[in-house]
Amino acid sequence: MNSEKAEKAKVSAQIKHVPKDAQVIMSILKELNIQEYEPRVVNQLLEFTFRYVTCILDDAKVYANHARKKTIDLEDVRLATEMTLDKSFTGP
């Protein structure tokens, strides 16, 4: 019983040193019932997420500039997301 508590404390201490974004990715994996994965999977998902969000926001900025707006808004982000989905991901 003490060894279980010690193991949980060890895992908890390790998680505290993990960046917040990585904790979110790990939480998503856990919610999807993915128990075993290599640590680099979290880094790969973080990189993908960063690149995806950066591209979406860059495109949204282009659309806002085209509409002569000083800042991007939700509609710009929605349009950028739709356009990215149309060209990057294929449906069934």
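Predicted model: local features only at pLDDT ≥ 70, side-chain atom pairs only at ≥ 80, totals over all residues.
1. Residues are numbered from 1 along each chain as its sequence is written, and side-chain values use heavy atoms, with hydrogens and water left out.

2. What does Asp76 touch? Leaving out neighbours within four places in sequence, Asp76 is in contact (heavy atoms within 4.5 Å) with Ala60, Tyr63, Ala64, Lys69 and Thr71. Its side chain also makes a polar contact with the side chain of Lys69, at 3.0 Å. A polar contact is a pair of N or O atoms within 3.5 Å; within protein, one must be able to donate a hydrogen and the other to accept it, and residues adjacent in sequence count only if both atoms are side-chain atoms.

3. Asp76 lies in helix H4. Helices (H or I, at least four residues) and strands (E, at least two) are DSSP runs, numbered from the N terminus. H4 covers residues 74–88, and its 15 residues should span 21 Å at 1.5 Å a residue; the end C-alpha atoms are 21 Å apart, which agrees. The expected span is 1.5 Å times one less than the number of residues.

4. Which residues of H4 are buried? They are Asp76, Ala80 and Thr84. Looking down the axis of H4, the buried residues fall within an arc of 65°, so they line one face of the helix. That arc is taken from the directions from the helix axis to the C-beta atoms. An α-helix has 3.6 residues a turn, so residues three or four places apart point the same way. On the other side of H4, Leu74 and Asp86 are exposed. Helix H3 (39–66) is included in what covers the buried residues of H4.

5. Now the start of H4: a side-chain oxygen of Asp73 comes to within 3.2 Å of the backbone nitrogen of Glu75. Asp73 also pairs with Lys69 in a salt bridge (3.1 Å, N to O). By the rule used here, a side-chain nitrogen of Lys or Arg sits within 4 Å of a carboxyl oxygen of Asp or Glu. Asp73 counts as partly exposed at 33% relative accessibility, and Lys69 does too, at 28%.

6. Glu75 has a salt bridge of its own, with Arg78, where the closest N and O atoms are 3.0 Å apart. Arg78 and Glu75 are three residues apart in H4, so about one helical turn separates them. Both count as partly exposed, Arg78 at 45% and Glu75 at 48%. Elsewhere, salt bridges that share partners join Lys69, Asp73 and Asp76 into one network.

7. How many salt bridges are there by this rule? The count is four. Among them is Glu38 with Arg40, whose closest N and O atoms are 3.1 Å apart. Glu38 is partly exposed at 44% relative accessibility, while Arg40 is exposed at 52%.

8. H3 has 28 residues and reaches 42 Å from its first C-alpha to its last, close to the 40 Å expected at 1.5 Å a residue. Its buried residues are Val42, Ile56, Ala60 and Ala64, and what covers them includes helix H2 (20–31) and H4. After H3 comes Arg68, whose phi is positive, near 60°.

9. Over in H2 you'll find Met26, partly exposed at 26% relative accessibility. Setting aside neighbours within four places in sequence, Met26 is in contact with Val18, Tyr37 and Val42. Met26 and Pro39 are 13 residues apart in sequence and 9.7 Å apart in space, C-alpha to C-alpha.

10. Of its 92 residues, 11% count as buried. Residues 24 or more positions apart account for 31% of the contacts with a separation of 6 or more. The protein exposes about 8,100 Å², of which carbon and sulfur atoms supply 58%; these areas come from the Shrake-Rupley method with a 1.4 Å probe, and for residues only the protein chains shown count as cover.

How values were computed. Buried < 20%, exposed > 50% of the residue type's maximum accessible area, 1.4 Å probe, protein only.
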